[in-house]
Structures are given as C-alpha cells and as structure tokens.
Amino acid sequence: MKADLAGEIDHMKKQAQVMVDTVFSFGELGYQEIETSKYLSGVLEKEGFKVQRGYAGIPTAFVATWGEGKPVISLGSDIDDIPQASQKPGVAYHDPMIEGAPGHGEGHNSGVPLQILAALAVKRVMEREHLKGTLQIWPGVAEELLGGKAYYVRAGLFKDVDVCLFAHVGNNFGVGYGPTGGSGLVSIEYLFTGESAHAAAAPWRGKSALDAVELMSAGYEFRREHLRLATRVHYVITNGGDQPNVVPPNASIWFYFREADYDHIMNLWRIGDNMAKAATLMTDTNYTERLLGTAWPGYFNQPLAEDMHKNMEKVGLPQWSDDDQALARALQKELKVPVRGLATTISPLRAPRAQAQSEEEGGVGPTGGPSDDIGDVSWNVPTVTLGYPSNIPGGPGHNWANGISMATPIAHKGVIAGAKVQAMTILDLLLHPELVQSARDYFNVQTKDVKYHSFLRPEDQPQTWMNKKIMDQYRDRMKAFYYDSSKYDTYLEQLGIKYPTVH
Ligand SMILES: [Zn+2]
C-alpha cells in the first residue's frame, strides 16, 4: 500500500509543481493571504473536501475535512511570506522581482501543497481499501506574526483530533521529539501618546511619545544583561513620529518577548509593562498595549517522530540534477557559506534538546531560537513536524536567499518526497491504532506537569488589519507576476528565467 501511495504521488507531479509555483507567485504576507487561501481551499473543495472558510474569525483561515470516524488526523502548514523578500526563483544572487515587495523568503509556499498531495493519495487508497478515518487540512495563517494557531486552538479546531502532522520547509528531511530548543513568545505593541508642540518655537509645551519609546527600548537594552540566557527579545519602532519640527504626539514600539517556557515568557511581558509605565512617568505620557501574536514553545511526539523518520528512510532524498546542485553551490558561494550543495544524507532523528537548567544556573541550556505557533497545537494534541528538503542549505532565513529554490525543481522534488513521507505516516496511523494510542500515551506524560494556558486573554482577537497597507502598496504590481499555468509549463518559463542562472 505504501508503494501505491508513492505511485499516486508521482502521478501528481504536475499538480505539485503548479500548486507550489502558484502560491509562490502570490507572495502574500500574514493575514493578507487572500489569493493563496482562495486557491488552496478551492483545490480541496474540487477534490471533495468540505471547506469551512473564515475560521476563528480570520478571513484567510479555512478548515477542509474529508472522511468519517476515527482516527482524526490533522494536517497543517504555514502560508504567509516575508516583507521585502521578493526574489526571482532560480537565480543564485539577489535579484528581486519587485524591489521592496514581499516574497516567499522562507518557503511557506510549499507546505500546504505537500499536505494536499499526501491527503489526496491517502484518500484514494482509503476509498479503495474502505479504510475509516478523517483527514483535516488547514493553513497556518500569519505564522510570521504568530497570529493563527492559538486562535485555532481557542476555537476548538483540535478538540476531536487524534494526531497532528505538521509540515515545515527545510533543507533536508528532519523530524524530532521533545523540546526543540526554540522559544515561545508573546508579541506586544506598546502605543504611547503625548502632546504635540512646535519643536523649535515651544518645545517645552510638548510631551514626546517618541521619548517614551526610546527610553523603553534603552531600558530593555540595559536589562538584557540581567536576564536568563534563554531570553531573546527584539523590537522594531512601528511609529517614530511624523516630522522633526512636530513633537511626536504618538509613537509605538513592537516587541517579541521570547523565552523557554510559559512562566518566563510572562515574566518578560511583565518587565515590558513596567518599562512602558516607567517611560510614561519619565515623559508625562500615557500608554496602551495590544497583543499581536503568541506561541508556546514546541514539544513534539516521540512515537510519531520515530514512525515518520522510518518513512523518510524508506522514501529517501530526491535525486538532485546537476542543475539543482549548480544553483545550490552558486548561492552558497554568493552567501560565503560552506559550498556543500544540496542534502544527500538524511539527518538523524532529532533527540530532545536540553531544557533550561534551574534558576540558580540562569536557565543555562537552550539559548533561545525561533518560534512557530505550532507549539500551541503541540500542547493540545500529539504533534510532530515534518521537515522536508525544498530549500538550499546555508541561507540566513527570512531573507531573499531562502526564496531562490522555492519555485524550482528543488522545491518541487522536495515536496513530492515530503508528501510521500507524510502519506505513509498517515497510512501507518490508519492501519495501526496502537500507534495512535502510543502517541496519546506519550502526550499524557508530556502534559502531566505542564498545563497549557493560552497567552490569549478572552478579549484578544486576531489582528487581521496587519500587513494590509504593505499589500495594498504592492499587490497591483505583483498581480502581473501571478503564475498562469494554462499558458506556461512552469513559473520559471513564464518569467523567462534560464535554470539555473548563476554569476
Ligand atoms: Zn516558517
């Protein structure tokens, strides 16, 4: 049956390439994934899935369901992209399609297509073999803002789910269990208000909201020395005033507070609130704050990870062509990182990363890392993340360089291989109820002492206005680059790009 699944997926190669290239060409930022959401949910609807749109109050969120009964297997992957990461695919140096526009500089264009391929292959085998079970597919909306999955949890998406198989792009096959070494976070914007005045004629009559922003950021910079090593805090100033001759009556600063666990994240948030308050005392201003996103640190399921890793070994890495390797090597040379081409051996099963040590030792252990709000899901249902080889090793992440492979044969082959692994893992769960049970047993131990509390307060709502201004600025010009699969075999062909293009 696994060979059948692999054959089904190989038959969908064309569909895989079209889906990956189409979503790449939309290049939409978090909460503004309008075309992407319409397109992917449409594909699923055509394939017989029941689609619920606008899930959890997020216009671009949807849940597609097919099948009936247990087990209920949930499949998700992120769909949003990165500001200013516009990049021509297949070109091994910085060459934006539209200067300043967003682009898939992480590779989130590939994950839901992978899940769709896996689900369609499994669906065919289930129909033929009369297997019971329910498949559920959803997009990770606004993952870069950590703005989707905690809302999905709160809306009850995972209430009846037995297992969640998430997928995230990587540059090799990869899967692990236990804590990941990444962080959880809260994303908070502090908005200060003061009083404007002529900055030269009557500066003494002004109360500068910008001063408060700068004092708060300076305060956190000093405090940094006295925080655990597991802390990662960073910010951008979202409003610094209008022009120098007007004392800024409002200004704002947006923080990501990252730490290893719930309590320490809440502590960073508390420190932030204190600093905001202190800044208002120093400047005679006021502040309000709003929560823009949240993520629990991830904790992944061992029995699922072990099963998935076996399937990775069964499927094997894609056969890379000389052109694929030439693109990868040229990019690595461009980035001044070791020139090692594309992955040719599968990474071993990732063991749990060390957890933070005691308070006395300053939380030595993890030094913090990235976050994904799949962490919230991982504390609500047994979850594992499939990493699949659609990207080039050595990219800095969240950067144009990470978009280069994402509408080329490298991404297409990685998605095909990843879909096979995912489909085989789903099949294992359908045929072996004891695997579902051991995943649940592991989860029960995981959650024995650590209880999930959402960072969301009841009044917090998805901030779906975010990124709208940027998309409004670029969307018309981006439309000219949407992939037309009825006219062109591939997106590279539509763009007239020779593969690979290297210096
Ligand atoms: Zn991501």
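This is a predicted model: local features need pLDDT of at least 70, side-chain atom pairs count only at pLDDT 80 or more; totals for chains, interfaces and linings use all residues.
# Reading helices, a sheet and a zinc site

User: In helix α9, which residues are buried?

Analyst: In α9, the buried residues are D324, Q325, L327, A328, L331 and Q332. Buried means under 20% relative accessible area, exposed means over 50%, and partly exposed lies in between, with a 1.4 Å probe and protein chains only. Residues are numbered from 1 along each chain as its sequence is written, and side-chain values use heavy atoms, with hydrogens and water left out.

User: Why do the buried residues of α9 line one face of the helix?

Analyst: Seen down the axis of α9, its buried residues fall within an arc of 160°, so they line one face of the helix; the arc is that of the directions from the helix axis to the C-beta atoms. The face turned away from this buried side carries the exposed residues D322 and K333. What covers the buried residues of α9 includes α11, residues 409-431.

User: How many residues does α9 have, and how far does it reach from its first C-alpha to its last?

Analyst: The expected span of a helix is 1.5 Å times one less than its number of residues. Helix α9, residues 322-335, has 14 residues and reaches 20 Å, close to the 20 Å expected. After α9 comes K336, whose phi is positive, near 60°, although K336 is not a glycine. K336 lies in the loop between α9 and α10, and it counts as exposed at 76% relative accessibility.

User: Is α2 mostly covered or mostly uncovered?

Analyst: Helix α2 is mostly covered, since 11 of its 14 residues are buried; among them are A16, M19 and F26. What covers these buried residues includes α3, α4, α11, α13 and α14. After α2 comes G27, with a positive phi near 50°. In the loop between α2 and α3 lies Y31, whose phi is near 70°, a positive value in a residue other than glycine, and which counts as buried at 3% relative accessibility.

User: Which residues is H412 in contact with, leaving aside its neighbours within four places in sequence?

Analyst: Contact means heavy atoms within 4.5 Å. With those neighbours left aside, H412 touches Q17, V20, D21 and A407. H412 is found in helix α11 and is buried, with a relative accessible area of 13%. H412 and M19 are 393 residues apart in sequence, yet their C-alpha atoms are 9.5 Å apart in space.

User: What is the order of the strands in the open sheet?

Analyst: Two strands pair if DSSP finds at least two bridges between them. Here six strands form an open sheet in the order β1-β2-β4-β3-β5-β12, and the pairing is mixed. The edge strands are β1 and β12, each of which pairs on one side only. As an antiparallel case, β2 and β4 pair over five bridges, with T65 opposite Q136. As a parallel case, seven bridges join β5 to β12, and H168 stands opposite G387.

User: Why is strand β5 described as largely enclosed?

Analyst: Eight of the eight residues of β5, residues 163-170, are buried, so the strand is largely enclosed by the rest of the structure. V163, L165, A167 and V169 point one way, while C164, F166, H168 and G170 point the other way.

User: Which residues coordinate the zinc ion?

Analyst: Donors are N, O and S atoms within 2.8 Å of the metal (3.2 Å for Na, K and Ca), and water is not among the atoms, so sites may look incomplete. The zinc ion is coordinated by E106 (OE), H108 (NE2) and H168 (NE2), at 1.9 to 2.0 Å. Along the chain these donors follow the spacing E-x1-H-x59-H, and both E106 and H108 are buried.

User: Where are K70 and P71 joined by a cis peptide bond, and what is omega there?

Analyst: The bond between K70 and P71 is cis, with omega about -5°, and P71 is found in the loop between β2 and β3. A cis peptide bond also joins Y499 and P500, with omega about -10°, and P500 lies in the segment after α14.

Conventions
Helices (H or I, at least four residues) and strands (E, at least two) are DSSP runs, numbered from the N terminus.
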